[in-house]
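Please open the structure in a viewer and keep its sequence at hand.

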Amino acid sequence: RGMMERDVLRRARRQALQDRYQEAEQAKLQAAEAARVEEEAAVLAARKEAARRKREDAIHAQALLQKREQQRALDHQRALLASLHYQRARLRFGGIRPWSRFLSEEKAGRV
């Protein structure tokens, strides 16, 4: 009778060990799956962030381009105006003056 009890105990212990082992394996699998899901989410978030940054960069580049274009147009207008001003001054004073002298006189407000 003692042997049967020992056998039952042995079986119960073995079963308990097996159950514990299976639980540990299950926990490992679940942890691996959770890590995989988390990594996928992180990759997705990184992609989303990269796309957003790319969009913002494109908008920024477009704004810079427009600003540069406006500045170029403004500089062109300014140059045209200065040239016209110079031509008018030449006509008014009836002689050809050097551009540099015209500019210095313009600064002084004598044109």
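Is aspartate 7 buried, partly exposed or exposed? With a relative accessibility of 32%, aspartate 7 counts as partly exposed, since buried means under 20% relative accessible area, exposed over 50%, and partly exposed in between (1.4 Å probe, protein chains only).

This is a predicted model, in which local features need pLDDT of at least 70 and side-chain atom pairs count only at pLDDT 80 or more, while totals for chains, interfaces and linings use all residues. Residues are numbered from 1 along each chain as its sequence is written, and side-chain values use heavy atoms, with hydrogens and water left out.

**The whole protein**

The protein has 2 helices and 0 strands; helices (H or I, at least four residues) and strands (E, at least two) are DSSP runs, numbered from the N terminus. Along its principal axes, the C-alpha trace spans about 135 × 20 × 15 Å. The radius of gyration of the protein is 43 Å, whereas a compact globule of 111 residues would have one near 13 Å; this radius is taken over C-alpha atoms, and the globule rule is 2.2 Å times the number of residues to the power 0.38.

Next, display the surface. Its accessible area comes to about 10300 Å², of which 58% belongs to carbon and sulfur atoms, as computed by the Shrake-Rupley method with a 1.4 Å probe. Of the 111 residues, 5% are buried.

**Helix α1**

Select residues 2–93, which form helix α1. How far apart are its end C-alpha atoms? They are 133 Å apart, which agrees with the 136 Å that its 92 residues should span at 1.5 Å a residue; the expected span is 1.5 Å times one less than the number of residues.

Now select Ala82, Tyr86 and Ala89, the buried residues of α1. What covers these buried residues includes α2 (99–108).

**Salt bridges**

Arginine 10 counts as partly exposed because its relative accessibility is 45%.

An α-helix has 3.6 residues a turn, so residues three or four places apart point the same way.

Move along α1 to glutamate 49 and arginine 53, which are 4 residues apart and so separated by about one helical turn. They form a salt bridge with the closest N and O atoms 3.1 Å apart. Glutamate 49 is partly exposed at 30%, as is arginine 53 at 44%.

Then select arginine 52 and glutamate 56, whose side chains meet in a salt bridge (2.5 Å, N to O). Arginine 52 is partly exposed at 31%, and glutamate 56 is partly exposed at 42%.

Finally, show Glu49, Arg52, Arg53 and Glu56 together: they are linked in a network of salt bridges.

How values were computed: Contact = heavy atoms within 4.5 Å. Salt bridge = Lys/Arg side-chain N within 4 Å of Asp/Glu carboxyl O.
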